[in-house]
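Biologist: I would like to learn how to read a model like this one. Please take me through it feature by feature.

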Amino acid sequence: MIRKKCCVALFFALLLFMNNAYPVQAEQETNLNEVTYLKSETKKDVAIEKVFAKEFGLTKGTDSIRYYYNKIDLNDDQIPETFVYLVGPMVCGTGGCSGLLLEEKDGGYIVKSRFSLVRIPVIIQNETTNGWKNIVMYVEGGGVEPGYHQLKFDGENYPSNPSVQPILEEDKIKGIMIINDEVAEDTGIVF
């Protein structure tokens, strides 16, 4: 009887661990009336994979990673930047997953900014700072007040941790919501 209870407890502990292995976006009540929704790209991009593999020390075929990305012009130079959201045990923790902002250069990509604690969706605001559009990310967990935090470009890059950035009221957010896919459905592009 004790062995059976132990196995049941172990099963539920394992189930809880697996459900928390990567943060899954809970559907939240939102008041984002002035936001346009944009699904992520579905085409595999080997150049993007090379950049994030190098940035995070990942090995194709060994590390279980899925990724999502959108191309969107953040600095109005008519050349879209690429926001990449990564999901997997090597790039996620209890507070969120990892993200990169890439710029096109010499036929490839370079890392403009690296983000931690990313939860989707990500919102690109209409409003700019230092010539680049502000980015808004939802943050919750770890004792942080849940809410939409605004990341402003400092002239070189964006802050890497959204949880320490100012919170915005939802009705003040206007822009384009990127990477708003349902991660719980095991979607995304396999690395």
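Modeller: Start with the surface. Accessible areas come from the Shrake-Rupley method with a 1.4 Å probe, and for residues only the protein chains shown count as cover. Here the accessible surface of the protein chain is about 10,600 Å², and 53% of that belongs to carbon and sulfur atoms. Note the ground rules: this is a predicted model, where local features need pLDDT of at least 70, side-chain atom pairs count only at pLDDT 80 or more, and totals for chains, interfaces and linings use all residues. Residues are numbered from 1 along each chain as its sequence is written, and side-chain values use heavy atoms, with hydrogens and water left out.

Biologist: What share of the residues in the protein chain is buried?

Modeller: Buried means under 20% relative accessible area, exposed means over 50%, and partly exposed lies in between (1.4 Å probe, protein chains only). Of the 191 residues in the protein chain, 45% are buried.

Biologist: Which secondary structure elements does the protein chain have?

Modeller: Helices (H or I, at least four residues) and strands (E, at least two) are DSSP runs, numbered from the N terminus. This chain has two helices and twelve strands. Their order from the N terminus is α-β-α-β-β-β-β-β-β-β-β-β-β-β.

Biologist: How do I read a sheet? What is the strand order in the open sheet of six strands?

Modeller: Two strands pair if DSSP finds at least two bridges between them. The open sheet runs S1-S11-S7-S8-S9-S10, with mixed pairing. S1 and strand S10 (167-168) are the edges; each has a single partner strand, so one side of each lacks a neighbour in the sheet. Four bridges pair S1 with S11 in the parallel sense. Within that pairing, Glu34 has Lys174 in S11 as its bridge partner.

Biologist: What other link do Lys174 and Glu34 form?

Modeller: A salt bridge, meaning a side-chain nitrogen of Lys or Arg within 4 Å of a carboxyl oxygen of Asp or Glu. The closest N and O atoms of Lys174 and Glu34 are 3.8 Å apart. Lys174 sits in strand S11 (residues 174-178) and Glu34 in strand S1 (residues 34-37), so the pair ties together parts 140 residues apart in sequence. Lys174 is partly exposed at 38% relative accessible area, and Glu34 is partly exposed at 47%.

Biologist: How many salt bridges does the structure hold?

Modeller: Six. One of them joins Glu49 to Lys44, with closest N and O atoms 2.9 Å apart. Glu49 is buried at 4% relative accessibility, while Lys44 is partly exposed at 40%. A network of salt bridges links Lys44, Glu49 and Lys60. Lys112 and Glu103 also meet in a salt bridge, at 3.9 Å from N to O. Glu103 is buried, at 17% relative accessibility.

Biologist: Which residues does Phe83 touch?

Modeller: Contact means heavy atoms within 4.5 Å. Leaving aside residues up to four places away in sequence, Phe83 touches Tyr68, Tyr69, Asn70, Leu100, Leu101, Phe115, Val122, Met137, Ile178 and Ile179. Across the protein chain, 57% of contacts between residues at least 6 apart in sequence join residues at least 24 apart.

Biologist: Which cysteines form the disulfide?

Modeller: A disulfide is a pair of cysteine sulfur atoms within 2.5 Å. The structure has one. Cys92 and Cys97 form it, with sulfur atoms 2.0 Å apart. The link is right-handed, with 105 degrees about the S-S bond. Both Cys92 and Cys97 are buried. Cys97 also has a bridge partner in S6, Val118.

Biologist: How do S5 and S6 run?

Modeller: Antiparallel, joined by eight bridges. Their hairpin has two residues between the strands, and Asp106 there takes a positive phi near 50 degrees.
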